[in-house]
Amino acid sequence: MSSSPIAQLAAWLKEAEAREPSEPAAMSVATVDEHGQPSLRMVLLRGLDERGLVFYTNLGSRKAADLRVNPRVACCLHWKSLARQVRVEGQAELVSDAEADAYFASRPRDSQIGAWASKQSQPLAGRFDLEKRVARYAATYLVGAVPRPPFWSGFRVVPNRVEFWEEGHFRLHERTNWVLDDGAWSSHKLFP
Ligand SMILES: Cc1cc2nc3c(=O)[nH]c(=O)nc-3n(C[C@H](O)[C@H](O)[C@H](O)COP(=O)(O)O)c2cc1C
């Protein structure tokens, strides 16, 4: 095990990138709405450093609405090929505009147009309505760089608990739980 859960997660992610055939950066994110109702969806982990785990999304989406009223969040990464799981709990905060701009600029042009066209999580009458919006924004941004939509950005999950799970023989799995206390990480093992 590493000296911090972030270093450990980075190491496992690197192995997953080599061995997991599909979407090694896929991560589930659970949020809770103002009534206490949890909801869960997959996102892609697009940034990882000592500050936390970053994913990008539409700020009009259900998850973003939840995070505005309750920034507490739980995430889970699972790599079937490695028989490993990582659970993360913490608080989500918006990334800086500069960070979101830089990531948005790195995306394929069609994804950038798609970000403008999608009113993520709002009702859609039919596929044609989406296609019309895609055509409209493709025309608007026919030439030159596509700017980041003001309603699209990233969230950084600042962790306070990270658990690593690795499959063991006869269900005697290896579990290591990291907890942040007074700014310092400590780890202990858990029964499987
Ligand atoms: C593998 C995978 C990766 C995804 N990555 C993202 C992502 O990075 N950002 C995002 O907003 N939605 C992503 N989605 C779609 C979300 O799961 C979800 O449908 C969408 O964000 C709307 O969620 P919400 O209504 O809870 O806000 C992904 C879905 C899958 C299956």
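Visitor: Is Gln8 buried, exposed or partly exposed, and how does one read that?

Guide: Burial is read by counting C-beta atoms around a residue: 20 or more others within 10 Å make it buried, and 12 or fewer make it exposed. In this predicted model, Gln8 has 18 other C-beta atoms within 10 Å, so it is partly exposed. Gln8 belongs to helix α1, residues 5-19.

Visitor: How far apart are Gln8 and Glu89 in sequence and in space?

Guide: The two residues are separated by 81 residues in sequence, and their C-alpha atoms lie 15 Å apart.

Visitor: Which residues of helix α4 are buried?

Guide: In α4, residues 109-117, the buried residues are Gln112, Ile113 and Ala115.

Visitor: Against which elements do the buried residues of α4 pack?

Guide: Their packing partners are α3 (97-106), α5 (127-140) and β7 (152-166).

Visitor: Which residues come nearest to the ligand?

Guide: The ligand has 16 residues around it, of which Arg41, Thr57, Ser61, Arg62 and Ser121 come nearest. By residue class, the shell holds six nonpolar, six polar and four charged residues.

Visitor: Which elements each supply at least two residues of that shell?

Guide: These are β2 (38-44), β4 (52-58) and α2 (62-69). The largest share, five residues, comes from β2.

Conventions: Residues numbered from 1 in each chain as written. Predicted model: local features only at pLDDT ≥ 70, side-chain atom pairs only at ≥ 80, totals over all residues. Near = placed C-beta within 6 Å. Helix = DSSP H or I, 4+ residues; strand = E, 2+ residues; numbered from the N terminus. Nonpolar A, V, L, I, M, F, W, Y, C, P; charged D, E, K, R; others polar. Contact = placed C-beta atoms within 7 Å.
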